[in-house]
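Please consider the following model with attention to its backbone geometry, its strand pairing and its confidence. The paragraphs below lead through these topics in turn.

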Amino acid sequence: MSFKSIIQDMKGELGSISRKGFDVKFGYGMRSRSHRVVQDSLVPVDAFKQSCWANMPSELLRDVLMRIEASESTWPLRKSVVACAGVCRNWRENMKEIVKTPNISGKLTFPISLKQPGSRDSLLQCYIKRNRSNQTYYLYLGLNQASNDDGKFLLAARKCRRATCTDYIISLNGDDVSKGSSTYIGKLRSNFLGTKFTIYDAQPPNAGAKVTKSLSTLLINVKQVSPRVPAGNYPVAHISYELNVLGSRGPRRMLCVMDAIPASSIEPGGVAPTQTEFLHSNLDTFPSLPFFRSKSTRTESFQSGSLSGQKDGMLVLRNKAPRWHEQLQCWCLNFNGRVTVASVKNFQLVASPENEVAGQEHENVILQFGKVGKDVFTMDYQYPISAFQAFAICLSSFDTKIACE
């Protein structure tokens, strides 16, 4: 039997296992039950234990998994990689070692990929769809450059207005966007004027992260949560919009201080913190994602004035200044064809140089966001920020800026 036949037989066996007891739900496409995170069933996979793949030598198993990972490079075919990782603990550990992080592979595979820095070589092309009726925003990985009608679902966010602020709750599940959901991964919070925002991660982005104070902490899926991991909201970025003297006729001015990313990360050989797993997940399931839930005190103080006091050693992103186009009579940026509709929400972010000394790395666009249709926007990002961070930054552009416009 050829190696190709072995792999094809293995995929067929995985399909049989899936029908008998292994339930995999894929978040793919707009018209399917798309807004669900990939999960494996808690039912024991007896079919797999009885198959010929259960006793495969470890070297051969790893070789087969490596070939599957290499051949299924794009979605929806990449769901086979996720399925392999959900078969059992041994397969999962092998696949986690084989699948590289997005900054190396340029691919989004597992849910944790959304918390990891993007590709170093190119922008990962995504798009956001806004549902005005329920104030919900959906992030998709673009699969076809010619169309934004289909894509791989990644994240969802729901706008929640408060008395003194606005929250955008971010979840891995588009059907359950709430802080009580087991797929809650963070939030964006604005001040009353909509000029200053804070991005909170549901788990520590690095070892030294500090949690925001809260009145009380509730546990979700108590039996599955590790008691060694502190609960709370971890601030990972601060966003500030400055006064626009031209009002809605002029471009916005924004500044993003990435608390969890060092300024040196954009330099050659620089490294950005990379989360490797959801710390609260149950090791017996993949990828079940229980999280701590905290009720905020809503007394968090937003920085007044500029964010300059926070900058030391942190990566600071600023919007790239547009130029005035005399013929079109509007402000323009070069989005390389990714943005087609003029909007005050459109922006490109580049790294702000330390000590005002700019290098080539400060000209590279790290995040760009722009309108392409009614309630459809493109979002392209790259290293050193993650899809979660990029999505949260883009959400801030949707919020009303009372003091700026």
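P76 is found in the loop that runs between α3 (58–71) and α4 (79–85). In this predicted model, the peptide bond joining W75 and P76 is cis, with omega at about 5°. Most peptide bonds are trans, and most residues other than glycine have a negative phi.

Q135, although not a glycine, has a positive phi of about 55°. Q135 lies in the loop between β1 (124–131) and β2 (136–142). Its relative accessibility is 29%, so Q135 counts as partly exposed. D375 is also a residue other than glycine with a positive phi, near 65°. Is D375 buried or exposed? With a relative accessible area of 12%, D375 falls under the 20% cut-off and is therefore buried.

The next topic is strand pairing around β9. Strand β9 covers residues 253–262 and is mostly covered, since seven of its 10 residues are buried. Strand β8 (residues 234–242) pairs with β9 in the antiparallel sense, over six bridges. In this pairing, S240 stands opposite L255 of β9. Strand β11 (residues 314–319) also pairs with β9 in the antiparallel sense, over five bridges. There, V257 has V316 of β11 as its bridge partner.

Which residues of α5 are buried? They are W91, R92, N94, M95 and I98. Seen down the axis of α5, these buried residues fall within an arc of 165°, so they line one face of the helix.

Confidence remains to be considered. The protein chain has an average pLDDT of 76, and 66% of the residues score at least 70. Over residues 36–45 the pLDDT stays under 50, and for this stretch the model has 35 contacts beyond four places in sequence. Residues 214–231 also have a pLDDT below 50, with 39 contacts in the model beyond near neighbours in sequence. Where pLDDT is low, the predicted coordinates should not be read in detail.

Technical notes. Residues are numbered from 1 along each chain as its sequence is written. This is a predicted model: local features need pLDDT of at least 70, side-chain atom pairs count only at pLDDT 80 or more; totals for chains, interfaces and linings use all residues. Side-chain values use heavy atoms; hydrogens and water are left out. Buried means under 20% relative accessible area, exposed over 50%, partly exposed in between (1.4 Å probe, protein chains only). Helices (H or I, at least four residues) and strands (E, at least two) are DSSP runs, numbered from the N terminus. Two strands pair if DSSP finds at least two bridges between them. The arc is that of the directions from the helix axis to the C-beta atoms. pLDDT is the predictor's confidence in each residue, from 0 to 100. Contact means heavy atoms within 4.5 Å.
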